[in-house]
Amino acid sequence: MLNLARDKRSLLIGAALGALFTSDIASAQDTQANDGLSEIVVTAERRPENQQDVPLSVAVLPASQARDYTAGGDDTLLALSGKVPGLYVESSTGRIFPRFYIRGLGNVDFYLGASQPVSIIQDDIVLEHVVMKSNPVFDVNQIEVLRGPQGSLFGRNTTAGIIKFDSIRPSQQFEGRGTASYGSYNSVNVDAGLGGPIIQDKLAFRISGLYQHRDDYIGNSYTGPSLDGTRVGRKDAAGGFNERDVRLQLLATPNESLSILASGHARWYDGTATVFRRGALPLGSNQITGVQFTRARWDEGADNPQNYKTAGASVHVNWDLGPVTLTSITGYETLSGYSRGDTDGGAAADFGNAGYGESLGRVRGLDQWTEEFRVANSGTGPLKWQVGAIYFDARDITEFYQRAYFLSAPNNNANNWVRLHNQNTSWAVFGQVSYEIAPKLTITAGGRVTEDTKTTDLLKTANNVNNVSSYKGRTHARLSDTQPSWDVSARYEIDPDVSIYARVAKGFRGPTIQGRSAVFNSDFSTANSEKILSWEAGVKSQIGRTLRANLSGFYYTVDDIQLNGNDINGNGILLNANKAKAYGVEADFDWRPVRNLSIQAGASWLHSKIEDKNVEVQTCAFNGALACTVLAPTRTAILFGSPVFLTKIDGNPLPNAPEYNFNINARYDIPMDIGGKLFLQTDWNVQGYTNFVLYKTKEFTANGNFEGGLKIGYTAENDAWEIAGFIRNLTGEKNLKGVIENYRAAVLNEPRVFGVSLSGKFK
């Protein structure tokens with residue numbers, strides 16, 4: 001909590017920032033309560049369409065709501081968790097490595113070379129590497145969440161779905177927008193963009209920026225000896241960050257048929273990796289105890305620093321030839337940086353000097369190239385079609401360091417580095433056709449053939465306590481696969497306000513190599529492609545301009561599903577389980593029940609199950625004993641002279657797959673006689689039973705997590721500017737977001753932050 005002096009400072013600094021920056025209160029797709037509902041345009045099928053006409057489950061998050069969620073400096077990507085039905089986001093590596101789950105499908109792996117079944121697309125560029133997926137979202141126009149396999153039009157590694165971010169583009173009218181906020185812990189958030197014509201009707205620009213800051217606010221209460229020079233006993237030692245981002249876009253329109261959009265962006269980030277709270281989960285319970293947001297204990301990891309720099313550029317060309325349009329999208333992305341942390345989540349001296357653990361992962365350099373070319377017809381008649389091809393190439397040098405003193409593991413060397421060279425290439429050809437075969441009945445079919453190849457080379461092995469490498473595994477691994485993806489859907493318009501659809505889709509996630517095991521002198525682990533077959537049906541409706549209600553149900557089977565766990569040797573490994581099955585429902589509502597009141601709500605329910613009678617994984621263990629309450633039979637094995645425990649995962653739910661989720665956002669406006677309006681706005685999210693690991697325990701679950709926000713303020717006439725006070729995590733909930741199993745360590749949500757915000761726009 002802030003003291004009185006800091007409260008006064010928050011108001012003064014917030015007002016100063018607000019005077020410098022302005023923001024639109026809503027994007028083009030947002031609608032105020034007084035105006036009723038308007039059409040939402042999406043590009044889920046690579047062409048602009050009304051959301052209600054697209055035969056698949058797609059949710060849209062208005063830009064204004066996304067900005068509200070980050071008023072306290074929160075990361076936009078992590079803040080999306082639970083704000084859209086079926087979407088869950090978490091991280092055990094801070095802001096630079098978010099992990100995404102849609103309909104229960106995701107990947108809990110924290111390896112820098114991990115692949116995910118949720119694809120992130122920013123301004124039409126696919127971001128494949130896990131750190132690239134953390135690129136901040138700012139000056140955004142719209143966020144779309146496409147649920148279910150999207151392999152036909154978007155390729156491999158989309159078995160769960162896609163999150164698509166579209167920035168505000170340059171226009172031929174000089175305009176600007178911005179938001180600025182200041183809050184607890186000296187949290188600052190500034191998101192702004194402005195642009196206009198350079199040469200009228202020929203060349204326009206837009207420059208956008210993001211600045212986020214928070215002071216360190218987590219104190220280290222440990223005062224004993226440090227292993228690596230960590231400054232123990234500091235009041236404000238971790239938790240802070242500095243996020244600085246810029247983007248420049250140039251739009252050339254030499255004639256009415258040709259447009260060329262060039263974009264470049266850069267990011268400079270430094271902050272704190274995730275702080276784990278060792279022993280926060282008592283044996284036999286998932287209730288967090290004895291934990292404060294502002295207090296933790298650690299004896300190594302140099303206060304968990306992380307630092308990354310990224311940059312990229314793209315050129316998007318559209319050439320309208322009348323009957324067809326040619327599209328070319330060329331993209332380049334690069335990054336480098338590191339993240340370091342105390343992975344045991346506490347001070348070993350508190351536990352009999354057992355359970356030391358520190359890790360550091362860094363990318364010395366990553367380069368990604370993409371080129372996509374499409375040809376599409378005008379789509380004005382009953383027949384719509386498009387064909388295209390894409391090439392993808394990503395290469396990086398990644399290093400890992402792991403110091404562990406538990407179980408006398410042979411990696412107690414402070415110079416225990418592993419260096420890997422990873423390469424991923426992929427090409428694909430694809431097409432889609434949509435035809436209105438009868439009045440009100442449209443059939444859509446798409447297909448793609450993809451080749452995906454990954455290679456990993458071990459450039460430097462780990463050394464043991466005698467500074468000698470005992471690595472006997474592979475130094476080169478290559479996996480390649482060629483797979484088809486396809487989808488078929490039917491949409492029937494019952495009347496202009498109601499339609500029903502059905503869709504079946506097949507996709508795949510490419511083969512994966514995990515080289516992190518070499519840190520423990522163990523061979524690479526690999527996983528073959530996973531394949532998904534998904535069935536979906538839904539109804540989309542809009543009643544006048546007051547209610548939009550969409551409902552979908554789904555069932556899917558994933559064969560050879562890629563999972564991540566610990567093997568009998570204690571290594572974090574990739575594995576293919578036989579299959580996973582899931583079914584569920586999702587609902588999205590946008591309602592204007594009375595004048596000046598707007599309500600957006602969503603709900604999802606999911607049942608998932610892993611099916612494999614043979615796969616077993618290592619469970620929680622510490623000092624030769626079980627460290628948690630495993631709710632299934634275990635068997636004992638010996639590792640480095642001490643017992644470890646293994647259990648089967650058949651019948652368990654997928655990890656980080658909430659059984660249900662409910663979210664609501666409501667705003668009430670009170671018009672003023674002097675002009676403008678006062679408003680009250682609140683948002684809430686409730687999350688059902690969630691299992692965080694592959695096996696079932698009493699400790700590593702959450703059930704009933706909830707979190708809310710509140711915003712009260714004044715909006716001027718024509719939404720020209722806004723001033724408001726806000727609170728994020730209104731009730732100060734301590735929600736469990738993740739665990740470190742052997743130490744029953746907890747990962748928490750963001751603390752309560754309150755402050756002031758100002759926003760506005762001009763044109």
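**Buried charges and paired strands**

Me: Buried or exposed: what are Asp452 and Arg156?
Reply: Asp452 is buried, and Arg156 is buried too. Buried means under 20% relative accessible area; exposed means over 50%, and partly exposed lies in between (1.4 Å probe, protein chains only). This is a predicted model, where local features need pLDDT of at least 70, side-chain atom pairs count only at pLDDT 80 or more, and totals for chains, interfaces and linings use all residues. Residues are numbered from 1 along each chain as its sequence is written, and side-chain values use heavy atoms, leaving out hydrogens and water.

Me: What makes Asp452 and Arg156 a salt bridge?
Reply: The rule asks for a side-chain nitrogen of Lys or Arg within 4 Å of a carboxyl oxygen of Asp or Glu. Here the N to O distance is 3.1 Å, so the pair qualifies. Asp452 sits in strand E22 (residues 441-460). Arg156 is in the loop between helix H4 (151-154) and strand E9 (161-167), 296 residues apart from Asp452. Helices (H or I, at least four residues) and strands (E, at least two) are DSSP runs, numbered from the N terminus.

Me: How do you know that Glu372 and Arg46 form a salt bridge?
Reply: Their closest N and O atoms are 2.9 Å apart. Glu372 belongs to strand E19 (residues 357-377), while Arg46 is in the loop between strand E1 (41-42) and strand E2 (49-50).

Me: Why is Glu372 called buried? And why Arg46?
Reply: Glu372 has a relative accessible area of 7%, so it is under the cut-off. Arg46 has 13%, so it counts as buried as well.

Me: What makes Arg667 and Glu722 a salt bridge?
Reply: The N to O distance is 3.9 Å, so the pair passes the rule. Arg667 lies in strand E38 (residues 660-671) and Glu722 in strand E43 (residues 721-728). The pair therefore ties together parts that are 55 residues apart in sequence.

Me: How many salt bridges does the structure hold?
Reply: The structure holds 45.

Me: How do you know that E3 and E8 pair?
Reply: Pairing needs at least two bridges found by DSSP between two strands. E3 and strand E8 (residues 140-147) have five, so they pair, in the antiparallel sense.

Me: Why are E3 and E7 called edge strands?
Reply: The open sheet runs E3-E8-E9-E6-E7, with mixed pairing. Strand E3 (58-62) and strand E7 (125-127) each pair on one side only.
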